[in-house]
Amino acid sequence: MADLHDQRILILDFGGQTTQLIARRVRECGVYCEIHPWDISDEVVREFNARGIILSGGPESVIAEGAPRIPQAALELGVPLLGICYGMQAMVHQLGGDVRAQASHSEFGYASVQLVSTADLFAGLSDRVENEQNLLDVWMSHGDRVEALPEGFELVGTSANAPMAIMADEQKRRYGIQFHPEVTHTLQGATLLKRFVRDICACDGLWTPGNIIDDAVARITEQVGDEEVLLGLSGGVDSSVVAALLHKAIGKQLTCVFVDNGLLRLNEGDQVMQTFADNMGVRVIRVNAEDRFLGALKGVSDPEKKRKVIGNLFVEVFEEEAAKLANATWLAQGTIYPDVIESAASTSGSAHLIKSHHNVGGLPADMRLKLLEPLRELFKDEVRAIGVDLGLPAPMVQRHPFPGPGLGVRILGEVTKEFADILREADAVFIDALYAHDLYDKVSQAFTVFLPVKSVGVTGDGRRYDYVVALRAVETVDFMTARAARLPWDMLDEVSRNICNSIPRISRVSYDISSKPPATIEWE
């Protein structure tokens, strides 16, 4: 089988909020890609051996002192280039054109681009025609603008506030666009990106669920050999897909360990054990460790410290279970690409830490087991797609994400058994209501957060002074950006009344309407 990683696109990140969306759109075209920071070395750029390079947007001005620059190797390799927003301006600036600050002519949001000439990448693209001119409806986000194109480039498109909105050097296969094709507001964006990676860069579209599975199975088989693997199983989508992949690759060499740490949702332990017994045919060991985890978390309120404590304890339990097996040398986990990005686990170290994930940033340096992460380069929707191909049941594949530290990061501040029990009950009311109103599959993730504050309430004629919870539901494609779900008011009102009436220790319910960014999906 051809190596799925041979035909690859390099995405250089200049700090844009939607860089991960570019990667998702490229993967949707059936082409493998990776995101790397703009300041990687020329040597790394060459060794990546990309079929094409995409330069992302970013918040800086290319004419500012110390502004991010395109690696020289990216301009010298001779592979196709696509500059998006800042990426286009960086191309212009470094190739001899002219970019100027134009704060009074900024464009943020919807814009109409008029195509004034032809180029292979844009041929035939049109959202509408006015005065015999093809127009594209796009999404812009820029302050500076291009005033003069570099030698060899032709003007292809113009907008009201960006006279040079699209440029092309057909001979060298270099293109620049001032708008963002990765967002859904740019109607022809997906088509444009597909043309670039499939036609201009001559990639075949090998990155499909079936091929990803075959590739992962081959790699796992080669890596593991005749050794045994221990999988930390949570019952969530990621670890479930890892279990299916490993079972397909190494069969009886796999043992799953399900750690009931006292931080699970209501009845989750029993549900996980039943699900895997019914569907997987995989050996699963259940370890009851509630007292151990809650004891270690006593007095710990900082979210990063909680992640470290939980991550270290998970590994301790896994290593204890591995010691009971004759040949267990691997620890498998459901780490996915967004985990790696958010934990700033890039080799350059230039990414900003958002929050460490227990299975990326929280593992001890002296861990005895070797780490096996078959999903490390996949986005969440790719994981779901291969889960379907592996034959996992729909309720398992479509289940909302649940963080590795569980309720430990959905209880703000110190974690106690009392708080965990209260939160479990409230969360169950919320999730049950989403199912009852046929909304569960219409949101990407939903959960309840316990706040360590009390609020005055009224029960009958009596005063009540008890805890507050927040409901959170978001809609997202890639979990790198998200917006709060607009749940029906009557449904939220029903959930609030049911929580306050059925759980005596809760006096108030709020609904979180924050988007990501600036907030994260989880509160901690």
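How many residues in the lining of the second largest pocket are nonpolar, polar and charged? The lining divides into 10 nonpolar, 16 polar and eight charged residues. (Ala, Val, Leu, Ile, Met, Phe, Trp, Tyr, Cys and Pro count as nonpolar, Asp, Glu, Lys and Arg as charged, and the others, Gly among them, as polar.) Keep in mind that this is a predicted model, where local features need pLDDT of at least 70 and side-chain atom pairs count only at pLDDT 80 or more, while totals for chains, interfaces and linings use all residues. Residues are numbered from 1 along each chain as its sequence is written, and side-chain values use heavy atoms, with hydrogens and water left out.

**The whole protein**

- Along the principal axes, the C-alpha atoms fill a box of roughly 70 × 65 × 40 Å.
- Of the 524 residues, 56% are buried, meaning under 20% relative accessible area with a 1.4 Å probe and protein chains only.

**The second largest pocket**

- Its volume is about 800 Å³, which is the space filled by probe spheres set on grid points joined across faces, edges and corners.
- A pocket is an open set of points on a 1 Å grid over the protein atoms alone, where a 1.4 Å probe fits, with protein on both sides within 12 Å along at least five of seven lines; lining residues have an atom within 4 Å of a point.
- Gln17, Thr18, Trp139, His180 and Val183 are the closest to the pocket's centre out of 34 lining residues.
- α1 (19-28), α4 (86-94) and β8 (133-142) each supply at least two lining residues, and β8 gives the largest share, three residues.

**Helix α12**

- In α12 (residues 380-389), the buried residues are Lys380, Glu382, Val383, Arg384, Ile386 and Gly387.
- Glycine 391, with a positive phi near 90°, follows α12.

Definitions and conventions:
Helix = DSSP H or I, 4+ residues; strand = E, 2+ residues; numbered from the N terminus. Buried < 20%, exposed > 50% of the residue type's maximum accessible area, 1.4 Å probe, protein only.
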